[in-house]
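Subject: Structure handover

Hello,

Here is the structure for your files. My notes on what was found follow below it.

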Amino acid sequence: MSRARDSALRIVIDARMWNESGIGRYLQNLIGQLQVLDNQNEYFILLLKKDFENDKILHSVQNDKNNFTKVLADFRWYTVAEQIKLPKILGKIKPDLVHFPHFNVPIFYKGKFVVTIHDLIHQHLSMQRSSTHGSVIFWAKKFSYKKVFEKAVKKSQKILVPSNFVKDQLINELKINDQKVAVTPEGVHLPHLQGVLPKGVQSPFIFYVGNAHPHKNVENLIRAAEILKMKLAIVGYDKFFQSRLPKSKYVEVIGE
């Protein structure tokens with residue numbers, strides 16, 4: 001992991017959430033476009049073992065310029081292992097900058113980093129029904145999330161957010177300097193939407209892309225579809241929480 005280019009930055013992207021719903025899609029498109037745009041800096045992509053060994057991911061995070069390197073980081077987010085092992089891996093790479101695509105920044109990491117804050121839902125809502133854990137574990141994790149989140153926003157060099165709404169929340173609620181927060185809208189990868197809808201879904205319809213975790217408020221979206229008497233197409237796979245959604249003739253779940 002020696003420096004190959006004197007003027008290049010060593011940049012780590014924590015991509016352990018490569019296959020996790022919205023953040024996974026964010027990472028896939030971010031890294032894919034960086035390969036097109038940047039042939040100067042060195043990138044180290046942290047991945048879980050199952051993704052590290054995936055040949056398709058090997059192809060997608062390496063290009064002919066050889067400035068993208070996969071790094072095994074086989075431990076999940078929100079864990080003690082993450083807090084202990086991730087700083088050690090980063091210490092070996094010696095990056096100039098780390099990009100955390102979520103707020104799960106190790107509390108004791110001292111290096112420079114940027115963080116993407118997609119929303120403040122977890123900070124605003126307790127939502128124990130979104131968890132599969134009991135109340136004691138849930139509230140212990142809730143307390144830990146708060147501390148990790150505070151570290152992420154206060155110690156980061158820059159905070160990336162998808163909208164002015166989230167930026168205003170950070171500024172008004174957490175007193176973050178507005179110069180520290182950069183709005184980077186998250187686009188739609190159109191090829192992934194082609195051929196997604198089944199023939200039974202006719203226009204006009206409501207199109208929802210994402211998981212069915214309770215904090216996503218899909219239940220009220222279903223109620224809205226029923227009031228409007230309009231088809232709701234839910235694209236995504238989330239067996240546990242999708243099974244808890246109210247049944248409706250207006251709902252078409254795609255990806256079950």
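In these notes, buried means under 20% relative accessible area, exposed means over 50%, and partly exposed lies in between (1.4 Å probe, protein chains only). This is a predicted model, in which local features need pLDDT of at least 70 and side-chain atom pairs count only at pLDDT 80 or more, while totals for chains, interfaces and linings use all residues. Residues are numbered from 1 along each chain as its sequence is written, and side-chain values use heavy atoms, with hydrogens and water left out.

Salt bridges

Four salt bridges are present in the structure, each being a side-chain nitrogen of Lys or Arg within 4 Å of a carboxyl oxygen of Asp or Glu. One of them pairs Asp51 with Lys50, at 3.5 Å from N to O. Asp51 counts as buried because its relative accessible area is 1%.

Another salt bridge joins the side chains of Arg10 and Glu42, at 3.9 Å from N to O. This pair links distant parts of the chain, with Arg10 in strand β1 (residues 10-14) and Glu42 in strand β2, 32 residues apart. Helices (H or I, at least four residues) and strands (E, at least two) are DSSP runs, numbered from the N terminus. Arg10 and Glu42 are both buried.

Arg16 and Glu82 also meet through their side chains, at 2.6 Å from N to O. Arg16 sits in the loop between β1 and α1 (21-37), and Glu82 in helix α4, 66 residues apart, so this pair too links distant parts of the chain. Both Arg16 and Glu82 are buried. Through salt bridges that share partners, Asp14, Arg16 and Glu82 form one network.

Nonpolar cores

A nonpolar core here is a set of buried Ala, Val, Leu, Ile, Met, Phe, Trp, Tyr and Cys residues joined through side-chain atoms within 4.5 Å. The largest has 29 residues, and those with the most contacts inside it are Leu46, Leu90, Phe100, Val115, Ile117, Ile159 and Leu170. At least two residues of this core come from each of β2 (42-47), α4 (80-93), β4 (97-100), β5 (113-116), α6 (135-155), β6 (158-161) and α7 (164-174). Another core lies apart from it and has 17 residues, among them Ile11, Leu27, Phe68 and Trp77.

Contact means heavy atoms within 4.5 Å. Leaving out residues up to four places away in sequence, Phe100 touches Asp14, Leu86, Leu90, Val105, Pro106, Phe113, Val114, Val115 and Thr116.

Val61

Val61 is found in the loop between α3 (55-60) and β3 (68-72). With a relative accessible area of 0%, Val61 is buried. Its contacts, again not counting residues up to four places away in sequence, are Trp18, Ile31, Gln35, Ile45, Phe68 and Lys70. The C-alpha atoms of Val61 and Tyr43 are separated by 9.3 Å, and the two residues are 18 apart along the chain.

Positive phi

Most residues other than glycine have a negative phi. Asn217 has a positive value, near 65°. Asn217 is placed in the loop between β8 (205-209) and α8 (218-228), and is partly exposed because its relative accessible area is 41%. Lys229 also has a positive phi, near 55°. Lys229 is in the loop between α8 and β9 (231-235), and its relative accessible area of 62% makes Lys229 exposed.

Regards
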